[in-house]
Amino acid sequence: MEAGRHRRWLFSLFVVAASCAIGSMARAQTTDGGDLSFELVDPKVLRVCADPRNMPFSNEKGEGIENKIAELFADKLQKKLDYVFFPQATGFVRMTLGAHRCDVIMGFPQGDDIVQGTNPYYRTTYALVAKSGSGLEDVDTLEDPRLKGKHVGIIAGTPPATNMAIAGLMRDAKPYPLMIDTRYDNSAQAMIDDLTAGKIDAGVLWGPMAGYYAKKAGSLHVTPLVKETTGPKLVYRIGMGVRAADQNWKRQLNKLIQENQGEINKILLDFGVPLLDENDRPLGAETAKTSP
């Protein structure tokens, strides 16, 4: 979802207008016999809707998590891989999937009805990033008293900002903007840079971003936040998004996810994504061989 809002900044990205557009389109495609199937723009090509500058998820160079999973699926389907790039902000779904310019969004939070979701292929959470040896590397909840008085970085408007407010951490927090022009800015990278420079004591990021940027920086510890007792949930299941009418396509993707979960998990772990099982226990290389 750091959703573009984020997923670019997860979960604030997709707008009601897009939902209405897709819903209307799906209704328009209904046949007299009630068959909603419209299916793929080009059955010989895997066409992916993606953001051109949204690492670690995707970029135009094909370096992101979702690029790698798309490559895996294209190979399994024996299809050519192609992209339609559009910034994951207002209008993303409407201008890509909804306009039939591509056939799948590779990462989409389960439960968002703007698109039809596939089965989830991973489960993760927001995470706390701290320097190793700082005394905060084992903090696993924003309610921990060790965070009192600390300068904690947070992407403004994301779910854990509410948890931090409830915990009384916002007075000393450093906010980073949610909506940015990714051609020039990167809030997650700025937060990690401030952390390594000692300008903040810790940072809270969406798990895939926390893992990816912490891994790049080195000597940073990522702790999944799975023990919050108040505020919004911080754990989400992520699947893929297709058009509401594309039932056969969804089933085909579900089959691919099921048959290739181990390889998908390896890609996610290689990027540092903190994977969780259904009991919020971390999944490592040895245990991440099954579906979330």
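**From a loop to the interior**

Tutor: Proline 56 lies in the loop between strand 4 (53-54) and strand 5 (58-59); helices (H or I, at least four residues) and strands (E, at least two) are DSSP runs, numbered from the N terminus. The model is predicted, with local features requiring pLDDT of at least 70 and side-chain atom pairs counted only at pLDDT 80 or more, while totals for chains, interfaces and linings use all residues. Residues are numbered from 1 along each chain as its sequence is written, and side-chain values use heavy atoms, with hydrogens and water left out.

The peptide bond that leads from methionine 55 into proline 56 is cis, its omega being near 15°. As a rule, most peptide bonds are trans, and most residues other than glycine have a negative phi. Glutamine 78 has a positive phi, near 55°, although it is not glycine. This glutamine 78 sits in the loop between helix 2 (65-77) and strand 6 (80-85), and it is exposed at a relative accessible area of 75%. (Exposed means over 50% relative accessible area, buried under 20%, and partly exposed in between, with a 1.4 Å probe and protein chains only.) Serine 219, likewise not a glycine, has a positive phi near 55°. Its place is the loop between helix 6 and strand 13 (220-224), where serine 219 counts as exposed at 60% relative accessibility.

Helix 6 itself spans residues 207-217 and is mostly covered, eight of its 11 residues being buried. Among the buried residues are Gly207, Pro208, Met209 and Tyr212. The helix is followed by glycine 218, with a positive phi near 75°.

The search for disulfides, that is, pairs of cysteine sulfur atoms within 2.5 Å, returns one for the whole structure. It joins cysteine 49 to cysteine 102, with the sulfur atoms 2.1 Å apart. The angle about the S-S bond is 110°, and the link of cysteine 49 and cysteine 102 is right-handed. Cysteine 49 belongs to strand 3 (residues 45-50), and cysteine 102 to the loop between helix 3 (92-95) and strand 7 (104-109), so the pair ties together parts 53 residues apart in sequence. Cysteine 49 is buried, at a relative accessible area of 1%, and cysteine 102 is buried as well, at 0%.

Strand 7 leads on to strand 14 (residues 235-242). Seven of the eight residues of strand 14 are buried, so this strand is largely enclosed by the rest of the structure. Two strands are taken to pair if DSSP finds at least two bridges between them. Strand 7 and strand 14 run antiparallel and are joined by three bridges; phenylalanine 108 has glycine 239 as its bridge partner in strand 14. Strand 8 (residues 116-117) pairs with strand 14 in the antiparallel sense over two bridges, with glycine 117 opposite glycine 241. Strand 9 (residues 122-131) pairs with strand 14 over four bridges, again in the antiparallel sense, and threonine 124 stands opposite tyrosine 236 there.

Tyrosine 236 also has a part in the aromatic contacts. Rings of Phe, Tyr and Trp (its six-membered ring) pair if their centres lie within 6.5 Å, and planes under 30 degrees apart count as stacked, over 60 as edge-to-face and the rest as tilted. Ring pairs link Tyr126, Trp206 and Tyr236 into a cluster. The whole structure holds six aromatic pairs. In one of them, the rings of tyrosine 121 and tyrosine 122 have centres 5.2 Å apart and planes at 55°, so the pair is tilted. Tyrosine 121 is buried at 0% relative accessibility, and tyrosine 122 is buried at 3%.

A nonpolar core is a set of buried Ala, Val, Leu, Ile, Met, Phe, Trp, Tyr and Cys residues joined through side-chain atoms within 4.5 Å. The largest has 69 residues, of which Ile69, Phe73, Val104 and Met240 touch the most other members. Helix 2 gives the most to this core, with seven residues. Contact means heavy atoms within 4.5 Å. Apart from neighbours within four places in sequence, the contacts of valine 104 include Cys49, Leu97, Met240, Gly241 and Trp249. A second, separate core of 10 residues includes Val84, Ile105, Ile114 and Val115.
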